[in-house]
Amino acid sequence: SEYTKFVGQIKKYVTDSNAIAHDKGLDAALSFVENAAVAARVAADVVEGIVLKCLNQKPKTKDKAFQICLMYVEIEKQVVVQEEIMKGLGNKQPKIVTACAEFLVIALREF
């Protein structure tokens, strides 16, 4: 499929240090997860990047990150998402720990 060529780049999209590129990268990653059959192959890398680079950002960024993670849960990658989110609970940054706990509550409510 046409999405296969982006498999290696998706984690870079969610971890970009440029704020504008990061925002657009999250949009692209969400679209990728929603539409690409190969998205499941990079679930661990993408969610790991989200935990480290998105959950301590502005609310809009965090919400997009949550959407991506929830979409991974929806496409049956819940175990991978849970593992990466659980790792985030041990992070040194309180914002990341709080966001991971918040995500788990949202995921439990929705699924």
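# A tour of the helices

Start at helix 3, where Ala43, Val46, Val47, Gly49, Ile50 and Val51 are buried. Keep in mind that this is a predicted model.

**Stop 1: helix 3 against helix 5**

Two packed helices are described by the angle between their axes and the distance between the axes. Select residues 43–53 for helix 3 and residues 78–88 for helix 5. Their axes come within 9 Å and cross at roughly 30°. Angles under 35 degrees count as roughly parallel, so helix 3 is roughly parallel to helix 5. The crossing of this pair is right-handed.

Next, show side chains. On the helix 3 side, pick Ala43, Ala44, Val47, Glu48 and Val51. On the helix 5 side, pick Val80, Val81, Glu84, Ile85 and Gly88, which meet them. The residues of this contact divide into 7 nonpolar, 1 polar and 2 charged. Val47 and Val51 were also on the list of buried residues in helix 3.

**Stop 2: asparagine 56**

Move on to the loop between helix 3 and helix 4 (59–74), and select asparagine 56. Is asparagine 56 buried or exposed? Its relative accessibility is 17%, and buried means under 20%. Asparagine 56 therefore counts as buried.

Leaving aside neighbours within four places in sequence, asparagine 56 is in contact with Gln93, Lys95 and Ile96.

**Stop 3: helix 2 against helix 4**

Select residues 19–35 for helix 2, and residues 59–74 for helix 4. These two helices pack at an angle of about 15°, with their axes 9 Å apart. Helix 2 and helix 4 are therefore roughly parallel to each other. Their crossing is left-handed, whereas that of helix 3 and helix 5 is right-handed.

Colour the contact next. From helix 2, take His22, Asp23, Leu26, Asp27, Ala29, Leu30, Val33 and Glu34. They meet Lys60, Thr61, Lys64, Gln67, Ile68, Met71 and Tyr72 in helix 4. By class, this contact has 7 nonpolar, 3 polar and 5 charged residues.

Zoom in on aspartate 23, in helix 2. Aspartate 23 counts as buried, at 18% relative accessibility. What does aspartate 23 touch, leaving aside its neighbours within four places in sequence? Select Lys60 and Lys64: aspartate 23 is in contact with both.

**Stop 4: leucine 70**

Stay on helix 4 and select leucine 70. Leucine 70 is buried, with a relative accessible area of 12%. Now select alanine 107, which is 37 residues away along the chain. The C-alpha atoms of leucine 70 and alanine 107 are separated by 6.7 Å. Leaving aside neighbours within four places in sequence, leucine 70 is in contact with Phe103, Ile106, Ala107, Glu110 and Phe111.

**Stop 5: glutamate 76**

Finish in the loop between helix 4 and helix 5, at glutamate 76. Glutamate 76 is not a glycine, yet it has a positive phi of about 70°. Is glutamate 76 buried or exposed? Glutamate 76 counts as exposed, at 60% relative accessibility, whereas leucine 70 is buried.

Key: Residues are numbered from 1 along each chain as its sequence is written. This is a predicted model: local features need pLDDT of at least 70, side-chain atom pairs count only at pLDDT 80 or more; totals for chains, interfaces and linings use all residues. Side-chain values use heavy atoms; hydrogens and water are left out. Axes are lines fitted to C-alpha atoms, for helices over the stretch in contact, and angles run from 0 to 180 degrees between N-to-C directions. Helices (H or I, at least four residues) and strands (E, at least two) are DSSP runs, numbered from the N terminus. Angles under 35 degrees count as roughly parallel, over 145 as roughly antiparallel, 65 to 115 as roughly perpendicular and the rest as oblique. A crossing is left-handed if the near helix is turned anticlockwise from the far one by less than a right angle, and right-handed if clockwise. Contact means heavy atoms within 4.5 Å. Ala, Val, Leu, Ile, Met, Phe, Trp, Tyr, Cys and Pro count as nonpolar, Asp, Glu, Lys and Arg as charged, and the others, Gly among them, as polar. Buried means under 20% relative accessible area, exposed over 50%, partly exposed in between (1.4 Å probe, protein chains only).
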